[in-house]
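Please open the model in a viewer and keep the selection tool at hand. The stops below are given in the order in which they may be selected.

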Amino acid sequence: MFRLDDKSPSMGWLPWARFNLHRNPFGELTPDERAELAVVEVDYLIEMLGDPRQAVQFIGECGRGKTTRMLKLRSHLPESSYTYIPEHLPCPPILSGNPILVDEAQRLSRSARRCVLRSRCSLVFATHNDLSKSLRKHGYRVHTEHIGESNGPELVCELLNRRIEASRLQSGVIPVISIEDAELLVAEFGNDIRGIENRLYLQFQKNLEVGFDGEM
Amino acid sequence: MAKCELSIELDEPNRVYHEGEKVEGIAHVKVDSTVKCTGLVLSTGWKTHGRGNVTSGPTEETTVFSGQWTQGTKYEYRFSLSAGDWPQTYHGQILSIDHYVEAKAKIPWAFDPKTATPFMVRVTQLPTWHDEELSQILKKSKKPQIIGMVLFAVICVPQLRFTGWVGVGVLGFVGLAVAVFWLKQKFLPRYLLGTPNFYIQEDTLAPGSELVGEFITQTRKTVVPNAITVALRGTEVCVSGSGSNRTTHKNVVFEEIQELQSNTTLQAGTENRCPFSFQLPEDAALSVNLKENSLIWSVEVEVDIPRWPDWRKNQSIYIVPTNEKRLGLGSDQSGAGVTRASDTLAQEKSQASDSATENSNSMMAAGVTFVETVAQIWAVRDDRDQLEMVVDAVIGLSFTIEAQVERRLLYAGDEDPNVYKDGYAVWARYPGPRLPLVLYVPHDLGDEFEQLGRGAWTGRGVVVGWDSLHGRLQIKLDSTS
């Protein structure tokens, strides 16, 4: 699945150096790295969110890219505020911003939801449930995106290769995921990007353990 | 957009660095068009990677250049930065820790290009603040039970008023399940084995040293256990995600199991002693607790009793650098050494508490200013106990507050008692040191804050507490009316 044409000679103490990488590319990332490596187009959303009566909601299952989109938007919009609503009470404080980004918005308590909907600021919700009814009731125009539907082999291939590139140790050749590999992964995991990353993390570690060199 | 390529060349990329040593090398910069850089920042620090949420810490930072880079020119900047004293470089299955030299160029109106190169750190002694980390491990092991009981009492009991008999039934069922669990796990094994326990001579050990312990019991009845086993384990524990996506990953990196007794009779009324010892591997990974990434060593004793619930007990041990053992953590061979690490910690904690108490008392006596309060809180902001003590000492005191406003809170959180009726809360910072604050603004100051935007504000307020979730000093501003 991973192919490499030559190997890096230095830093033998670093297990991933033989693939010219400084870490397993499929491990957890910081929020900033997630935003930086996201393969998502947000320019049209940023333009849309210039209108304070505009709301955008991302609907989808876990691991499909809702939070990644939120983080990408946050990185492009310095005036925005981002709040993750945890599963259990209490509902955390929500900062004003332009726009206001709320992750897991279906968990907002009634009073918190009222504050957000009355803020007169543009809104971005990542949610498992459709919240368009309450948004429209408060005068918002709603743009809904169902996340995960576009997670095809091309996109999977691009985002996995971006992650490998971000783990590069030095100039030279690094492993690549081919479109055929991506097709196989999509056939097995569907649009569950997190599932694909978890599988590749374990596979990469396993290949290190058996002392694999070159093509995996 | 101008392209700015950064790279780092270490003088000795394969060298093993120790605490206090300098990492030296050259940062290379190449730009394809003339560009203004407001700061080329070089830094050292550590970062976890693997399956857990990333945790990182800084070591040293320096700005080596600011100015203009000219098209087509290659620039080189020599650096010499501290290697860091903790944690040690570690490469595991689900957890890895690496130290890096990072270069970041601050370019106005563009994404800041950056690059990082890892280097290897091996520590020979624990940093002075490390005991704090061990004390956190000890605290953590006790907290969940207490928190669980308090949460149960606070959440469930008041619900009974609304749920009636159904609630009582559910509560009864839960209570029964807990009782059965306790009976099976705790009461029944102890009923048969009497007072089983095990002791470890030293719970702080160096790689390659010998772990010595003993299982002791005096049974009520004569018991012939299937087996008495003791296991030494090193486990990587990482937490990824948050909220409903939170997942804990575990991976055992070392496991050795010894069978102490097989088909041996434990005579009723007689003290039975089963000594055990393990040789720790020379390359055993050091114990670390880096927020959501830990490497935990433990000893578990299990007594397999035929047709009866088994007895088990687990105890953490700490693997520390070899020199640390020689330098002073001591090698107490007596039984008192069993809890030595915790005793040392307790003593140090007590000294720290005394110092914090002295400070807070003197604050009360001297009539402190807000500047002094901020400085004191800033100094202890990473030590929760001391922080709470200092904040407790200033709660209710009125000060002239100086703050740089950041953001208004749309919603201050469920049932925040500090928010004024028709008022709101804002996040702000003290100008220097930049201590984060929450200001509770009364209705009559609302317009003033609206007009202020993100400017500086000065006025009177009373300290009402500490927001531990966001690390902010809570201040209720005085109403003018």
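Select α6 (153-166) and α7 (179-189) of chain A: both are among the elements that cover the buried residues of α8(A). Helices here are DSSP runs (H or I, at least four residues), strands likewise (E, at least two), numbered from the N terminus. This is a predicted model, in which local features need pLDDT of at least 70 and side-chain atom pairs count only at pLDDT 80 or more, while totals for chains, interfaces and linings use all residues. Residues are numbered from 1 along each chain as its sequence is written, with chains lettered from A and ligands numbered from 1 in the order in which they are written.

Next, select α8 itself, residues 193-209 of chain A. Its buried residues (20 or more other C-beta atoms within 10 Å of their own, C-beta atoms being placed from the backbone) are I193(A), I196(A), E197(A), L200(A), F204(A) and Q205(A). Viewed down the helix axis, these fall within an arc of 160° (taken from the directions from the axis to the C-beta atoms), so they line one face of α8(A). On the other side, K206(A) and E209(A) are exposed (12 or fewer such atoms).

Now move to the contact between the chains, with 35 residues from chain A and 27 from chain B; contact requires C-beta atoms, placed from the backbone, within 7 Å. On the chain B side, β19(B) gives the most, with 5 residues.

Finally, select strand β3 (residues 94-95) of chain A, which runs antiparallel to β19(B) and is joined to it by 2 bridges; pairing requires at least two DSSP bridges. L95(A) has L409(B) as its bridge partner.

Note on methods:
Contact = placed C-beta atoms within 7 Å. Expected span 1.5 Å × (residues − 1).
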